[in-house]
Structures are given as structure tokens and as C-alpha cells.
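Welcome! Take a moment to look over the sequence and the model, and then let us walk through them together.

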Amino acid sequence: MEKLTQSNEIEVLTLAELTEEELQLLEKAKAISVQAYAPYSNFQVGAAVLLENGKILQSSNQENVSFPAGVCAEQLVLGYAGANFPDQAVKILAIAARRTGDEVWAKVSPCGICRQNINEVEQRFKSPIRMVFLRPDGLVYRMEGIKHLLPLKFDDLTS
Ligand code: THU
């Protein structure tokens, strides 16, 4: 029997260890999370991306009374980036989340569908996306590419 062992690398860093760009994106993600439309979950997520050309885009999650029709913050911001800047790779994605009314930041990590969407953007531009997720304790998860969050990912229809 063959056994595959896959390893992923996720850094846990203090804010002081982040780059200026990463810090700026996290601030954008925090700020936009306030504008989430999340009356059903009360979980307000902000996602910000840095494009290759230096442009920063951000979005929050937008829910629906028919729950599956709601859209995650990551999916919205990546969709907007692809629709409006089709020739620009996404370099960094930052996420922060908070429960409505809370002062403290919540634990957050992209859902499965968002991971697949992040993978698609990486495939599209042939460039891994660095990701930073704010943790409730003020530390930050950082990883270089979706492979660290999506082992055995589905990314090829031809082979
Ligand atoms: N959500 C996001 O927008 N991004 C994540 O990374 C996790 C979950 C949204 C979906 C839904 O509107 C709410 O948070 C609760 O799941």
C-alpha cells in the first residue's frame, strides 16, 4: 500500500512581523467587515486583496434569506477583481471577521467553496496568493498559496 503524506506550512505571526502591505490589507479587511450584510449569521467578514498593479479591493459577506444564496466576502472580492481587472494577478488576500456587536475579532478561515475559488484565481494567473487571516488573539496566520489549505485539490479537467 502506498501512503501519501502531505504537509502544509502556516506561519503564526505577530502584527510586527507582517509586511506593510499585509498590515494595510488587514486594516482594509477589518474596516470593510463593518459593512457586511449578515442579519442571519451575525458573522461579519471582511476580505481585501492586493492586485499586481498595487490596487487594493475589498468586500464583505452579503447574506440572503435563502441561506445558500448568500455570498462570502472572499468570493465577492475575488469575483470583482476578476471581472474588473482581468489581467491583474492577486498577490495577497487578507481576512478578518467579527460577530455583530463584538469588540473582539473572531476566528476565521475561508470556507471550502472560497478555497476552491482562491485556487481558481491562482490557476488563472499561475501565481500563488499569499494569505493572512486575523486571529482572535491578535496573531495572524500567514501562508503562501492555497495548497496549504486544500490538499489533493481539484485543478485539472484534462488529465
Ligand atoms: N463567511 C465569509 O464571508 N467568509 C469566510 O471566510 C467564512 C464565512 C460568511 C458566510 C456567511 O455569510 C457567514 O460568514 C457565516 O458563515
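A salt bridge here is a side-chain nitrogen of Lys or Arg within 4 Å of a carboxyl oxygen of Asp or Glu.

This is a predicted model, in which local features need pLDDT of at least 70, side-chain atom pairs count only at pLDDT 80 or more, and totals for chains, interfaces and linings use all residues.

Y40 sits in the loop between α1 and β2; helices (H or I, at least four residues) and strands (E, at least two) are DSSP runs numbered from the N terminus. Y40 counts as partly exposed because its relative accessibility is 38%, where buried means under 20% relative accessible area, exposed over 50%, and partly exposed in between (1.4 Å probe, protein chains only).

In soluble globular proteins, nonpolar side chains tend to be buried together. A nonpolar core is a set of buried Ala, Val, Leu, Ile, Met, Phe, Trp, Tyr and Cys residues joined through side-chain atoms within 4.5 Å. The largest one in this model has 28 residues, and V49, L93 and M131 have the most contacts inside it. At least two residues of this core come from each of β2 (43-51), α2 (73-84), β4 (90-99), α3 (112-125) and β5 (130-134). Which of them gives the most to this core? That is β2, with 5 residues.

Leaving aside neighbours within four places in sequence, M131 is in contact (heavy atoms within 4.5 Å) with residues including L93, I118, Y141 and L149. Apart from this core lies another, of 15 residues, with L13, A29, I56 and V140 among them.

## Helix α1

Helix α1 covers residues 20-33, 14 residues in total, and reaches 20 Å from its first C-alpha to its last. That is close to the 20 Å expected at 1.5 Å a residue, the expected span being 1.5 Å times one less than the number of residues. Its buried residues are E22, L25, L26, A29, K30, I32 and S33. They are covered by elements including β2, β3 (56-60), β4, β5 and β6 (140-144).

## Charged pairs

Side chains of opposite charge can pair when their charged atoms come close. How many salt bridges does a search of the whole structure find? The search finds 7.

One of them joins E11 and R142, whose closest N and O atoms are 2.9 Å apart. This pair links distant parts of the chain, from E11 in strand β1 (residues 11-13) to R142 in strand β6, 131 residues apart. R142 is buried because its relative accessible area is 15%, whereas E11, at 33%, counts as partly exposed. E144 and R130 also meet in a salt bridge, at 3.2 Å from N to O. Another pairs D137 with R135, at 2.6 Å between the closest N and O atoms. Through shared partners, salt bridges join E11, E22, R130, R142 and E144 into one network.

Notes: Residues are numbered from 1 along each chain as its sequence is written. Side-chain values use heavy atoms; hydrogens and water are left out.
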